[in-house]
Amino acid sequence: MLPQYERLPVDPDGSDAGGGVGNGTLRRSTFRIRFGKLAVATVMLPVAGFLFCVIWSLLYNFEQANATHCLVYNFLPSLSAAIGNYQPQRFVWQFSVLFHAPFRYAIAFLYKNHHLTLLSRKHRKEWAYLACILNIIELSSLVGLSLWTSSNNYEIHKFCFSAFVICSIVYMHLVVLINRLTRADEMLTLAERKSLRFKRRLLLVNVASILFAVYFFVRHNNHCEPGIYSLFALSEYVFVYSNIGFHMTAYWDFIKANVYFHWRTGIHFSSV
């Protein structure tokens with residue numbers, strides 16, 4: 001069942017007007033959790049997983065993880081080396097990505113409904129569907145580059161990484177644009193204002209980090225200077241965490257929402 005953002009009308013007997021499962025039934029479901037708590041728990045998986053991979057690589061695979069064709073000193077492993085070349089880092093990263101992915105897919109459809117509501121008066125509903133498609137491709141590419149690492153299938157890993165970078169940047173731009181066109185600052189709640197402010201800042205950080213990454217990567221390949229590849233790796237880290245932070249703004253966008261787990265009808269989202 002696709003997640004629902006808007007509250008359904010409820011009859012006194014607890015069923016919705018269309019004869020389905022209403023919020024009254026959902027409130028009697030087996031388990032309910034605040035969306036914000038689940039969002040924090042979900043985002044902490046890749047945050048902690050990636051941090052573990054980097055620290056473990058520095059402690060136990062320092063020489064191998066920092067080695068490049070230039071044979072110069074580096075002090076930070078690249079993203080691909082940290083998450084995919086060694087164990088247990090590969091297992092930890094794959095577990096964190098695969099475990100958090102189902103909830104991220106559900107949020108993509110939740111945002112689709114949210115953006116459709118925002119764009120209903122602008123006659124640009126196709127933007128909501130485009131944003132949803134970009135979000136799904138971004139997440140699927142993240143899953144792909146995690147399963148096919150640079151050490152066991154470089155071509156697939158490179159394709160997934162490129163798709164992840166392109167789709168994530170375009171998606172972030174589109175989401176900021178949708179909010180700019182449909183929402184006036186004076187009409188926003190405090191949480192919505194905070195969400196939009198962080199979206200704009202994290203978008204700038206994200207774009208800047210990938211530009212720095214390209215610069216340091218080209219400079220490393222052309223000049224083989226010590227430490228430059230580590231600056232490329234650091235730029236990758238900033239890109240990853242700014243991307244995670246951007247998606248974490250869902251906490252403020254749906255701050256009053258609840259997630260219901262019902263043994264018969266599955267997972268539901270409610271705006272209250």
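Predicted model: local features only at pLDDT ≥ 70, side-chain atom pairs only at ≥ 80, totals over all residues.

Reader: Which surface patch does Tyr-60 belong to?

Author: A nonpolar patch, formed by Leu-51, Ile-55, Leu-59, Tyr-60 and Tyr-241. Together these residues have about 520 Å² of accessible area.

Reader: And which helix gives the most to that patch?

Author: That is helix α2, residues 35-60, which supplies four residues.

Reader: Let's zoom out. How many helices and strands are there in the protein?

Author: There are 10 helices and three strands. Starting from the N terminus, the order is α-β-α-α-α-α-α-α-α-α-α-β-β.

Reader: What share of the protein is buried?

Author: Of the 272 residues, 49% are buried. The accessible surface comes to about 14,000 Å², and carbon and sulfur atoms account for 66% of that surface.

Reader: What about contacts along the chain, how many join residues at least 24 apart?

Author: Taking contacts between residues at least 6 apart in sequence, 72% join residues at least 24 apart.

Reader: Where does UniProt put the feature "transmembrane region"?

Author: The unreviewed UniProt entry places that feature at residues 38-59, 127-149, 161-181, 202-218 and 238-255.

Reader: What does the chain look like over residues 161-181?

Author: Residues 161-181 are 100% helix and 0% strand, with the end C-alpha atoms 30 Å apart. For residues 202-218 the model also gives 100% helix and 0% strand, and there the end C-alpha atoms are 24 Å apart.

Reader: New topic: cysteines. Which ones form a disulfide?

Author: Cys-70 and Cys-224 do, with their sulfur atoms 2.0 Å apart. The count for the structure is one disulfide.

Reader: Where do those two sit in the chain?

Author: The pair links distant parts of the chain, 154 residues apart. Cys-70 is in the loop between α3 (62-65) and α4 (79-84), while Cys-224 is in the loop between α8 (190-223) and α9 (228-248).

Reader: Is that disulfide left-handed or right-handed, and why?

Author: The torsion about the S-S bond is about -60°, so the disulfide is left-handed.

Reader: Are its two cysteines buried or exposed?

Author: Cys-70 counts as buried because its relative accessibility is 13% and the limit is under 20%. Cys-224, at 27%, counts as partly exposed. As for other cysteines, Cys-53 is buried at 0%, and Cys-160 is buried at 10%.

Reader: Got it. How many salt bridges does the structure hold?

Author: Five. As background, side chains of opposite charge can pair when their charged atoms come close.

Reader: Which residue does Arg-104 pair with?

Author: Arg-104 forms a salt bridge with Glu-138, and the closest N and O atoms are 3.9 Å apart. Arg-104 lies in helix α5 (residues 89-119) and Glu-138 in helix α6 (residues 125-147), so the pair ties together parts that are 34 residues apart in sequence. Arg-104 is buried at 13% relative accessibility, and Glu-138 is buried at 1%.

Reader: What about Glu-155, which residue does that one meet?

Author: Glu-155 meets Lys-158 in a salt bridge, 3.7 Å from N to O. Both lie in helix α7 (residues 154-182), three residues apart, about one turn of the helix. Lys-158 is partly exposed, at 37%.

Reader: And which partner does Arg-219 have?

Author: Arg-219 forms a salt bridge with Glu-225, with the closest N and O atoms 2.6 Å apart. Arg-219 is partly exposed at 26%, and Glu-225 is partly exposed at 24%.

Reader: One last thing: what does Leu-98 touch?

Author: Leaving out residues up to four places away in sequence, Leu-98 touches Val-143 and Leu-147. Leu-98 is found in helix α5 and counts as partly exposed, at 42% relative accessibility.

Notes
Residues numbered from 1 in each chain as written. Heavy atoms only, no water. UniProt positions renumbered as here; feature names shortened; annotations may be inferred. Buried < 20%, exposed > 50% of the residue type's maximum accessible area, 1.4 Å probe, protein only. Contact = heavy atoms within 4.5 Å. Areas by Shrake-Rupley, 256 points an atom, 1.4 Å probe, with all protein chains shown as cover. Patch = residues over 30% accessible without salt bridge, like charges linked within 9 Å, V, L, I, M, F, W, Y side chains within 5 Å. Salt bridge = Lys/Arg side-chain N within 4 Å of Asp/Glu carboxyl O. Disulfide = S-S within 2.5 Å.
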